[in-house]
Amino acid sequence: MLKIYLFWAIRYASSFTLIRLYNFIKIKTSYYLSRLTRQNLHWGMPYTISIEPTTSCNLKCPECPSGLKKFNRPTGILTLKTLNEIIKQLGKHLTYVTFYFQGEPLLHPDFTKYVSILKQNKIMVGTSTNAHFLNKEKAEEIIESGLDRLIISLDGVDAETYKKYRRGGDFNRVIENIKIMVKTKKEFKSSIPFIELQFIVFKHNEHQIKDIKKLSKELGVDKLSLKTAQLYEFEEGNELMPGLVKYSRYQQSTDGKYKIKGKLPNHCYRSWSGSVITWDGEVVPCCFDKDGDHRFGNIMESDYKDILQNKEYKGFLQQILKDRKQIEICRNCTEGL
């Protein structure tokens, strides 16, 4: 574990410039002053954002609006013009970009080209994939692009368990593609991308936790992450909710209803340090706002500095400090707990 921390510390430090360091300090300072005074003081620009390559996906996962085609916002792909505008306005402040929001990022035809552009601006880049498109050619492109982190979803150690959530997926294909990615990385003698296997713990796969730990070692990935599941319908319980309390985001109250563990605090560092930009340039607060219910402005129509100062954005941040549980997307969030 220490080796992993050192790896990321060195890579992250290499992305800092004096401008980015100064901006980082401003964000940190304004965040803690905001918590202290309960007044929205937001200084600086986001130093970490998520950019959405596409809303399209090849799977139909039951807790994902992309796969279920339940978006109220349009489906599409990120254009080079939009990416360049994001970099123009935010690039000198950014240290890390999560090149993923909704959808399967590798469905974007220019995914690795766009990663290369971000890397040319000395920004760390990570993404998350269901790995159905990780063939040999794509694996080589990913390594050559300079992608820092590759999260691969694998929510089962056999085909039957896997398809219970990753509906429409091919377990054997995913396993083979993970092997290809690991092997290609070794052939290139590359330390990146850091390959992280992600296992979302559900009721139907919680008995496989020991087995996924074993499988991750056999596959040769760099890290295994066990993730709790975010569920849309949880107050009355949900068949996907695991029985193991440790791996559940929710706990049952005395009235029989379920809620997020712990008391939701009136602060959220994620909302000060970053935001999400959808494929068509809309600025939304975070990855929990999957449908873009809180749209603060469009980066193709307004400067991000102006968006930060508009009444919608400022009002949202002030509400977090005042009574965060009144914001619907926050009531299903674990940030700050």
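## Helices, strands and overall form

The protein contains 11 helices and 11 strands, where helices (H or I, at least four residues) and strands (E, at least two) are DSSP runs numbered from the N terminus. This is a predicted model, in which local features need pLDDT of at least 70 and side-chain atom pairs count only at pLDDT 80 or more, while totals for chains, interfaces and linings use all residues. Residues are numbered from 1 along each chain as its sequence is written, and side-chain values use heavy atoms, with hydrogens and water left out.

For 337 residues, a compact globule would have a radius of gyration near 20 Å, and the protein agrees with this because its own value is 20 Å; the radius is taken over C-alpha atoms, and the globule rule is 2.2 Å times the number of residues to the power 0.38. Taken along the principal axes, the C-alpha atoms fill a box of roughly 55 × 50 × 40 Å.

## Surface, burial and charge

Of the 337 residues, 54% count as buried, a word that here means under 20% relative accessible area, with exposed meaning over 50% and partly exposed lying in between (1.4 Å probe, protein chains only). The protein exposes about 16200 Å², and carbon and sulfur atoms supply 52% of that area; accessible areas come from the Shrake-Rupley method with a 1.4 Å probe, and for residues only the protein chains shown count as cover.

Among contacts with a separation of 6 or more, 69% are between residues 24 or more positions apart, a contact being heavy atoms within 4.5 Å. The mean positions of the 53 positive and 38 negative charges are 6 Å apart. In this count Lys and Arg are positive and Asp and Glu negative, with His and the chain ends not counted, and each charge is placed at NZ of Lys, CZ of Arg, CG of Asp or CD of Glu.

## Helix α4 and the residue after it

Helix α4, residues 111-120, is largely enclosed by the rest of the structure, because 7 of its 10 residues are buried. These buried residues are Phe111, Thr112, Tyr114, Val115, Ile117, Leu118 and Lys119, and what covers them includes α1 (2-14), α3 (80-90), β2 (96-98), β3 (124-129) and α5 (136-145).

The helix is followed by lysine 122, which has its place in the loop between α4 and β3. At 58% relative accessibility, lysine 122 counts as exposed, and its phi is near 60 degrees, a positive value in a residue other than glycine.

Most residues other than glycine have a negative phi, and most peptide bonds are trans. Alanine 131, in the loop between β3 and α5, has a positive phi near 70 degrees, and this alanine is buried, with a relative accessible area of 0%. A cis peptide bond, with omega about 0 degrees, joins isoleucine 192 and proline 193, and proline 193 lies in the loop between α7 (171-187) and β5 (194-201).

Phenylalanine 194 is found in strand β5 and is buried, with a relative accessible area of 5%. Although phenylalanine 194 and phenylalanine 7 are 187 residues apart in sequence, their C-alpha atoms are 9.4 Å apart in space. Not counting residues up to four places away in sequence, phenylalanine 194 touches several residues, including Phe7, Trp8, Leu150 and Lys223.

Leaving aside neighbours within four places in sequence, the residues in contact with threonine 55 include Ser66, Phe71, Gln102 and Trp279. Serine 153, in strand β4 (residues 149-153), also counts as buried, at 5% relative accessibility, and among the residues that serine 153 touches, not counting those up to four places away in sequence, are Ser128, Tyr162, Arg166 and Gln198.

Methionine 300, by contrast, is partly exposed, with a relative accessible area of 31%, and its place is in the loop between β11 (297-298) and α10 (304-308). Leaving aside neighbours within four places in sequence, methionine 300 is in contact with Lys81, Thr82 and Glu85.
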